[in-house]
Amino acid sequence: MNELMLVARREIVTQLRTKAFVTGLIITAVLVAAVSFAPKLLDGPNSYTLGTVNSQRLPLEAAAPDSEFTWRAFSDEAAAKRAVLAKDVDAVLVNGTKVLTDGEIDDQLGVLLQSVNREAKLGAAGVSIPPLKMESVGADTRYQAARTGLAVVLVIVLFMMLIGQVGMVAMGVVEEKGSRIVEILLSTLRPWQLFGGKIVGLGAVGLINLVTILTVGLTAAMVSGIAGDFPPGMPGLVAGVVVWFVLGYAFFATLAGAFASLVSRLEEVNSVLTPIIMVIMVSYFVAFYATIDPTGTLAMVMSYVPPFSSIVMPVRMAATEVPLWQAGLATAAMVAAVLAALAFGAKVYQRAVLRTGARVRLGDVVRVR
Amino acid sequence: MLEIGELHKRFAGGPDAPDGKIALDGISFAVRPGEMFGFVGANGAGKTTTMRIVMGVLQADSGSVSWQGRSLGYDDRRRFGYMPEERGLYQKMRVAEQIEYFGRLHGMSAATARKATEDLMERLGVAERRNDPVQALSLGNQQRVQLAMALVHDIEVLVLDEPFSGLDPIAVDALATALQERCRGGVPVIFSSHQLELVERLCDSVGIVSAGRMVASGTVADLRSAEDDTLRVVVRDPSPGWADGLPGTVTVSGDRHILRTTNGDDQEILRRAIKAGHVEHFGHERPTLTEIFKEAVA
């Protein structure tokens, strides 16, 4: 175990010291922060400037507390028209009976004006209508926009991180095999210590990346204020994301490292990694689809099937509410898959990594002895 | 005592060689503590395969490797120093860190590993490059780093595959000194080399491998005495037919006649030579290791 940690530590120190890691981390952090601010900048709180000509102001603030309203009074309709055409105001209420706009009125504003006007008039006539009580019997959709946004960001982050770290493990294995340093290492270390140390070390580097991204993203969201739109249970979601990343990484990295041990040259890495990259891509597409339709059959089924579940499940968890037992079941299935991958990967690695030269056939390695 | 007994290894064949290739065909030898053992043989004779089996990076089909009477295990090998034929270094890692890392992997504490690394870098002449990445070093210097990695820990046995290849004469001396020191400390040292003069100069005993078998082994002196001495006489401008009836062969080079023989009465030969012409050289010559080697693998 001690040796495994020594190997892991070397991987971490080596990676953290590279310029690529540092610049990569800074760029991702800036991007994530930008994404966290973007909704605020793009569609900040609705604010309307309204005018009145010979009318009372409508109590719009009470009906739409999230929006801001600025009122201006105009002396006559002509002045109001000029202001509308000059886009100084969005709409002008004339004589309490008509609304002047430049072209079609903003949908939300139109509905708002109509209903508040109706209510005010009815109220004045002594009729009071209790507002309809809204009750959802399905999933809580109040946070749907925020949830979808979170899920989209998450699917991209998880995909990039998995592809990146898994590639690193494969390259690291081939670097050691190709330079034959593995021969010296394995006269001192057992194969599982070397292989395990590499997976643990590069996984730790991935976690550092992921935690940085999450921290920057959440901090930026809090600063920008969009954190207020986040659904409840964010700490659970963050923990879930970390756990699912660890599981997905462990699965894909082990197989990638094992496949990479079949070849001796960096140019050959891509060809052995193709099946693994394909599976990650499929997971990515399904997960992306799940951001749109998190309760659909495809998303539901794939969120249980390892290794697809490693991206699909956390994305489903972000996009909608997932009962605990479902998350637990998917986790158990994925843990079993990781254990199987570790057993298989360690066997392949141990048998292939010292066989330098031409590409070793997977069948040969699995069959012998 | 490191004992290698009856190692057999056959590599799986390809389409062109369905039966595979026999790499080792029952090779056996032993190296005592404090003995320097030179391993010589033509390319493909089985030296590297033997060393890889000793280091546990390759499995023999049959045969045994034992150290101090016990079958060699993983924990024993951790105290071995090894330098494979195919050199391997982390190209981007710094020199000192790399040597230290291997010390740590062999179970040294951080402080001892650092100290041992400093000592070795001084001795092998790479101390001023300690913070450079390995890839910035010349091949010769990379080789020194490779050696330092094999020597850094407290080794019980040293196994080096072609440690001298690619080194300049100064580095050869530095390495030879380092090996001799280890040897004097009671460590058995096995190294392979094609530089036979070097093997002859450094080694207590030599093993000559050919086609996966040990064809001759023993001390250099033993190997020599097994071969007969050659008497070599050089006579300038001798009378014609002077060597008629003498054993051996005569070669003519200009006005010099050179007689080589491994038997006959040397005093009689000398008298005949003096009578025939001007004797420039008369002496017994011991075969060099190169000659023994050529004889053994022929």
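Hi everyone, let me start with one residue: A:Ile226 counts as partly exposed because it has 18 C-beta neighbours inside 10 Å. For that label, 20 or more other C-beta atoms within 10 Å of a residue's own make it buried, 12 or fewer make it exposed, and anything in between is partly exposed, with C-beta atoms placed from the backbone. A:Ile226 sits in the loop between helix 8 (191-224) and helix 9 of chain A. Its C-alpha atom is 7.7 Å from that of A:Phe37, although 189 residues separate the two along the chain.

Some housekeeping. This is a predicted model, in which local features need pLDDT of at least 70 and side-chain atom pairs count only at pLDDT 80 or more, while totals for chains, interfaces and linings use all residues. Residues are numbered from 1 along each chain as its sequence is written, and chains are lettered from A and ligands numbered from 1 in the order in which they are written. Helices (H or I, at least four residues) and strands (E, at least two) are DSSP runs, numbered from the N terminus.

Now to the inside. The largest nonpolar core has 150 residues; a core here is a set of buried Ala, Val, Leu, Ile, Met, Phe, Trp, Tyr and Cys residues joined through C-beta atoms within 7 Å. Among the residues with the most contacts inside it are A:Phe252, A:Ala256 and B:Ile99. Helix 9 (residues 234-260) of chain A gives the largest share of this core, 15 residues. There is also a second, separate core of 13 residues, including A:Val53 and A:Leu113.

Let's stay with helix 9 of chain A. Its axis and that of helix 10 (residues 269-292) of chain A are 9 Å apart, at an angle of about 160°. Axes are lines fitted to C-alpha atoms, for helices over the stretch in contact, and angles run from 0 to 180 degrees between N-to-C directions. So helix 9 of chain A is roughly antiparallel to helix 10 of chain A; under 35 degrees counts as roughly parallel, over 145 as roughly antiparallel, 65 to 115 as roughly perpendicular and the rest as oblique. On the helix 9 side, A:Phe252 and A:Ala256 are among the residues making the contact, where contact asks for C-beta atoms, placed from the backbone, within 7 Å. The residues of this contact divide into 10 nonpolar, no polar and no charged. In that count, Ala, Val, Leu, Ile, Met, Phe, Trp, Tyr, Cys and Pro are nonpolar, Asp, Glu, Lys and Arg charged, and the others, Gly among them, polar.

Over to chain B. Which residues of helix 3 of chain B are buried? They include B:Ile99, B:Glu100 and B:Arg104, and in total 10 of the 11 residues of this helix are buried. Their cover includes helix 1 (2-17) of chain A, plus helix 4 and helix 5 (139-151) of chain B. The axes of helix 3 and helix 4 (residues 110-124) of chain B come within 9 Å and cross at roughly 130°, so helix 3 of chain B is oblique to helix 4 of chain B. By class, that contact has 7 nonpolar, 2 polar and 3 charged residues. Just after helix 3 of chain B, B:Gly107 has a positive phi of about 95°.

Last, the two chains together. Here 21 residues of chain B are in contact with 16 of chain A. Helix 3 of chain B gives the largest share of chain B's side, 3 residues. That side has 13 nonpolar, 3 polar and 5 charged residues.

Conventions:
Two residues are in contact if their C-beta atoms, placed from the backbone, lie within 7 Å.
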